[in-house]
Amino acid sequence: MQQRGFESYSAVRGGTTDEQKELPFVLTNEFRELWETANQRYVSWDDLDQFALPKGATKEQIWKTLTALRRHAGVLLPFRPFVSQSDGKMTWITPPHDMEQALVLLKTQGSSQTIEYQTYQALHESRKLSIILNEFVTALAIDGYKVDFHEGLTGYLTQRTPSTAEDQALNTLIKTFFRAPTVLDEPITPQYLDQLNSAFQADTPSEASSIMLPQIEKARDKYLNQDYYTPEITKQTICDILNDQTLNPIIAELQAIYFFAGFRPYEHFNASTALLLRRVYYERRNLGLLANMAIFTALSKWQHKAYNLDIPSHEHTLNPHDCDEGFDATEFTYCNVLIYANELRLLQRKIAATQANITTACERIEASPLLNERQKAIVSKMIDNPFFTITIEQAAQNCRVSYSSARTDLLGLVRQGFLVLDCPDMANQAQVFRVGPNTIALLSTVNPRLFDPRINTNPDS
């Protein structure tokens, strides 16, 4: 009997029992319902147990047929499988409807034209850093450099000279990320990747960090096709993925970072290089907001089974039930896309909260009975720009007061912890006042106790 499509089958549903017995199982109601569900969301091998399967067909037959149909309706990815248990030749995905919806959301809400992106771009670099610093810390941990979040932020805000390999690594990552070189219309090349990686110094970490990608790093032979992916092939594959204009840019980027973290084409700073490349790539594709998501941080939690999202485990997604159809990366990609969508929502909230904190901090400074108008103006400038510095002479000139009044203002702010005084190296150098610990506290959250009139604020003349 000639096979009919699903729509044709609906015309014979009123036929006799004998006619229905002759139909292939793919034309049964049971398989049709399964197929419709698989088009809406990803259906795994284990999920088949939730469905009534066509009579006379085994679970293996159903899975093999479903997978073959999905593969023929899917998209081939421009790289050989990175997992060793596949046929080693083909990687593909077939995005279900909810995954396509998530990708649309990422492209529209992650665009460089959004209000959130414009708000983020207008923030001072220190504010941007407070939003993305966790991602820097995680990337450096993957690279073997253990950095404390609060120490790193304080060191950056106070412009402390790096004294350890970890401090130097963080300092370099901050500077290069916010000033990453861009590429125009030319393709990304392995030489360009080399250029990004060369920004880092490969000093030996003073304290080894635990690797943050356990399923990949602790079982590389199980998960990674190391026989094929040499460092040079890995770099070229990353370029092929990101240069493929037919591939959704989010899918391309999320695949590329796994090649960096898993195969480590460079001796040092692979995750950090991936961060720089992420920023360049998303800015190039007009998706600038996506460059600032905490993806490595989220993936680390996911791989430690600590990510607060109802999705299968990372290890599970790398082990789809094989039926000789190449590596089906759909579930793996699907879960990553859901994580990206969740992280974009979290980033949007962080940007809104940061903007609200700035407004609230300035309002509380303005309302503080502990500060005069000149002192309020100085602290407000440091809230906007933590790198703002001032001397007594500059304060006197800007506020049009005497040297003595300006000195009293600044020393009063030192006593209250809003400023610190750098001691000059030479006697004839001016004293420089910069951001203090209480102003740094204002950069991340508002502490009402800082404005308690009962605190002793007697300025030291």
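The model is predicted, with local features needing pLDDT of at least 70 and side-chain atom pairs pLDDT 80 or more, while totals for chains, interfaces and linings use all residues. Residues are numbered from 1 along each chain as its sequence is written, and side-chain values use heavy atoms, without hydrogens and water.

Me: How many aromatic pairs does the count come to?
Reply: Rings of Phe, Tyr and Trp (its six-membered ring) pair if their centres lie within 6.5 Å; planes under 30 degrees apart are stacked, over 60 edge-to-face, the rest tilted. By this rule the count is 13.

Me: Which class does the pair Phe-136 and Phe-178 fall into?
Reply: Both residues are buried, meaning under 20% relative accessible area with a 1.4 Å probe, protein chains only. Their ring centres are 6.2 Å apart and the planes stand at 65°, so the pair is edge-to-face.

Me: What is the angle between the planes of Tyr-229 and Phe-263?
Reply: Both Tyr-229 and Phe-263 are buried. Their aromatic pair is tilted, with 4.9 Å centre to centre and a plane angle of 45°.

Me: Which residue in strand 6 does Leu-421 stand opposite?
Reply: Strands (E, at least two residues) are DSSP runs, numbered from the N terminus, and two strands pair if DSSP finds at least two bridges between them. Strand 5 (residues 419–422) and strand 6 are antiparallel, over four bridges. In strand 6, the residue opposite Leu-421 is Phe-433.

Key:
Buried means under 20% relative accessible area, exposed over 50%, partly exposed in between (1.4 Å probe, protein chains only).
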